[in-house]
Amino acid sequence: MSDIDMDGGVSTTAGAMDIASPPPKAATSMTDNSLATRRPVAVDKPTPYTFDLGNLLANDANPVARDANEEALAANARDAAQALVNQLLTTCEIKSTSDGVHLVLPPCTTPLPREKPIPAEKPPTKWELFAKKKGIAKNKDKTKLVYDEASGEWVPRWGYKGKNKEGDSEWLVEVDAKKETETGEAHNARAEGRAARKEQVRRNERKQRANERNARKSGQ
């Protein structure tokens with residue numbers, strides 16, 4: 001007759017020998033090794049960390065030794081990361097959505113510098129100065145699209161496929177008889193329209209450069 005003990009040993013009443021099954025040494029040693037290398041979750045520092053959770057920032061005010069090696073620096077970085085994770089999990093709201101579980105971060109408290117300088121304010125153009133002087137308000141109702149009755153669609157006022165180019169695609173263009181009578185020459189309405197638009201673009205560019213020169217002079 002044999003009894004099974006709670007500690008895994010087997011004892012027999014018929015003889016004087018007790019036989020106990022050996023413990024699983026391999027499994028125990030692997031567990032012990034993993035526990036020995038695992039760092040503690042709680043981080044204790046003489047000076048507590050300060051956090052900016054919006055920027056995922058942990059500030060460590062504790063001094064670092066001058067002769068600290070890579071291992072010591074890595075341990076400090078690990079402790080700061082662990083403290084930041086602990087703070088996130090204990091203070092931030094946890095939400096579950098269809099995309100997964102995520103934390104709701106609070107607003108940032110540490111001001112970060114800009115990558116580029118603040119752009120300078122553009123000086124007003126001559127038209128803007130004139131409109132301000134005369135009290136002319138900008139027409140907000142005027143849009144970039146205009147209705148084309150021929151096609152029944154809204155098309156741009158200017159630019160590619162604009163309303164101002166509707167004569168370029170026509171196979172027949174009306175001749176300006178008055179202009180031909182005055183000059184005595186035949187005119188190409190399509191070519192003249194393109195030339196007028198190009199000249200308008202060049203005129204606008206000259207005005208823009210003049211406005212920039214005047215703004216630089218007034219800034220000095």
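1. Positive surface patch. In this predicted model, four residues gather on the surface in a patch of positive charge: R209, R213, R216 and K217. One of them, R213, lies in helix α5, which spans residues 189–219. R213 has a relative accessible area of 43%. That value falls between the 20% and 50% cut-offs, so R213 is classed as partly exposed.

2. Overall make-up. The protein chain contains five helices and nine strands. Their order along the sequence is β-β-β-α-β-β-α-β-β-α-β-β-α-α. The chain has 220 residues, and 9% of them are buried.

3. A buried glutamine. Q82 sits in helix α2, residues 70–91. Its relative accessible area is 18%. Buried means under 20%, so Q82 counts as buried. The side chain of Q82 also has a polar partner: it makes a polar contact with the side chain of N86, at 2.9 Å.

4. An exposed loop proline. P46 belongs to the loop that runs between α1 (25–37) and β4 (50–52). With a relative accessible area of 77%, P46 is exposed, because the cut-off for that class is over 50%. P46 and A61 are separated by 15 residues in sequence, and their C-alpha atoms are 9.3 Å apart in space.

5. Points to check on the structure. For the patch, look at R209, R213, R216 and K217 together.

Note on methods. Residues are numbered from 1 along each chain as its sequence is written. This is a predicted model: local features need pLDDT of at least 70, side-chain atom pairs count only at pLDDT 80 or more; totals for chains, interfaces and linings use all residues. Side-chain values use heavy atoms; hydrogens and water are left out. Patches are made of residues with over 30% relative accessible area and no salt bridge: like charges are joined within 9 Å, nonpolar side chains (Val, Leu, Ile, Met, Phe, Trp, Tyr) within 5 Å. Accessible areas come from the Shrake-Rupley method with a 1.4 Å probe; for residues, only the protein chains shown count as cover. A salt bridge is a side-chain nitrogen of Lys or Arg within 4 Å of a carboxyl oxygen of Asp or Glu. Lys and Arg count as positive and Asp and Glu as negative; His and the chain ends are not counted. The place of a charge is taken as NZ of Lys, CZ of Arg, CG of Asp or CD of Glu. Helices (H or I, at least four residues) and strands (E, at least two) are DSSP runs, numbered from the N terminus. Buried means under 20% relative accessible area, exposed over 50%, partly exposed in between (1.4 Å probe, protein chains only). A polar contact is a pair of N or O atoms within 3.5 Å; within protein, one must be able to donate a hydrogen and the other to accept it, and residues adjacent in sequence count only if both atoms are side-chain atoms.
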